Amino acid sequence: MDPGSFILSHAGLFAAAFLAATILPFQSELVLIGLLVAEPTHWATLLFAASLGNTLGSVVNWVLGRLIERFRDRSWFPVKQRDYERVERWYARWGIWSLLFAWLPFGGDALTVVAGALRTPLLPFVLLVGIGKTARYAVLVAATLGWLA
């Protein structure tokens, strides 16, 4: 693979993973699998690009949570007060350790927004979300390359 193709493929994977972590509907797993099939020797740099992009996309959600929380008393706020309080109680119960599951397809993105709204410090947020998302991509890499057989 020439250097230009290497950079383009990794940048594309980073972008797909970044978008997949935001509230926008996007898939990064298929992009990663396709690139792994095409260039299995680049598994480590592909894992890094996907993990970094997906984690930084979650930081966007965290920022959105920090910004939108101040509007929760407005009539147009997308979450009702009782639902917001229920989420606060849930997050208080499970705490920041729940961020290890921010990779889940249902609720993972919402969890990162809630973490921002509830003022979870950025450094623990990035570390826990990054660990969870990297672990998920590592399992996908291992499965794609047949390491789990």
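Helices (H or I, at least four residues) are DSSP runs, numbered from the N terminus. By that numbering, helix α3 covers residues 43-68 and includes Val 60. The structure is a predicted model, in which local features need pLDDT of at least 70, side-chain atom pairs count only at pLDDT 80 or more, and totals for chains, interfaces and linings use all residues. Residues are numbered from 1 along each chain as its sequence is written, and side-chain values use heavy atoms, with hydrogens and water left out.

**Nonpolar cores**

- A nonpolar core is a set of buried Ala, Val, Leu, Ile, Met, Phe, Trp, Tyr and Cys residues joined through side-chain atoms within 4.5 Å; buried means under 20% relative accessible area, exposed over 50%, and partly exposed in between (1.4 Å probe, protein chains only).
- The largest nonpolar core has 12 residues, including Leu 13, Leu 32, Leu 46, Tyr 137 and Val 141.
- At least two residues of this core come from each of α1 (3-21), α2 (29-38), α3 and α6 (122-144), and α3 gives the most, with 4 residues.
- Beyond its neighbours within four places in sequence, Leu 32 is in contact (heavy atoms within 4.5 Å) with Leu 13, Leu 46, Tyr 137, Leu 140 and Val 141.
- Another core, of 11 residues, lies apart from it, and Tyr 91, Leu 99, Ala 102 and Leu 128 are among its members.

**Aromatic pairs**

- The structure holds 4 aromatic pairs, a term for rings of Phe, Tyr and Trp (its six-membered ring) whose centres lie within 6.5 Å; planes under 30 degrees apart count as stacked, over 60 as edge-to-face and the rest as tilted.
- One of them joins Trp 43 and Trp 147 edge-to-face, at 5.1 Å centre to centre with 90° between the planes.
- This pair ties together parts that are 104 residues apart in sequence, because Trp 43 lies in helix α3 and Trp 147 in the segment after α6.
- Trp 43 is partly exposed, at 34% relative accessible area, and Trp 147 is also partly exposed, at 47%.
- Phe 71 and Trp 76 form a tilted pair, 5.5 Å centre to centre and 40° between the planes.

**Salt bridge**

- The count is 1 salt bridge, defined as a side-chain nitrogen of Lys or Arg within 4 Å of a carboxyl oxygen of Asp or Glu.
- Glu 29 and Arg 136 form a salt bridge at 3.0 Å, N to O.
- Glu 29 belongs to helix α2 and Arg 136 to helix α6, so the pair links parts 107 residues apart in sequence.
- Glu 29 is partly exposed at 22% relative accessibility, whereas Arg 136 is buried at 17%.
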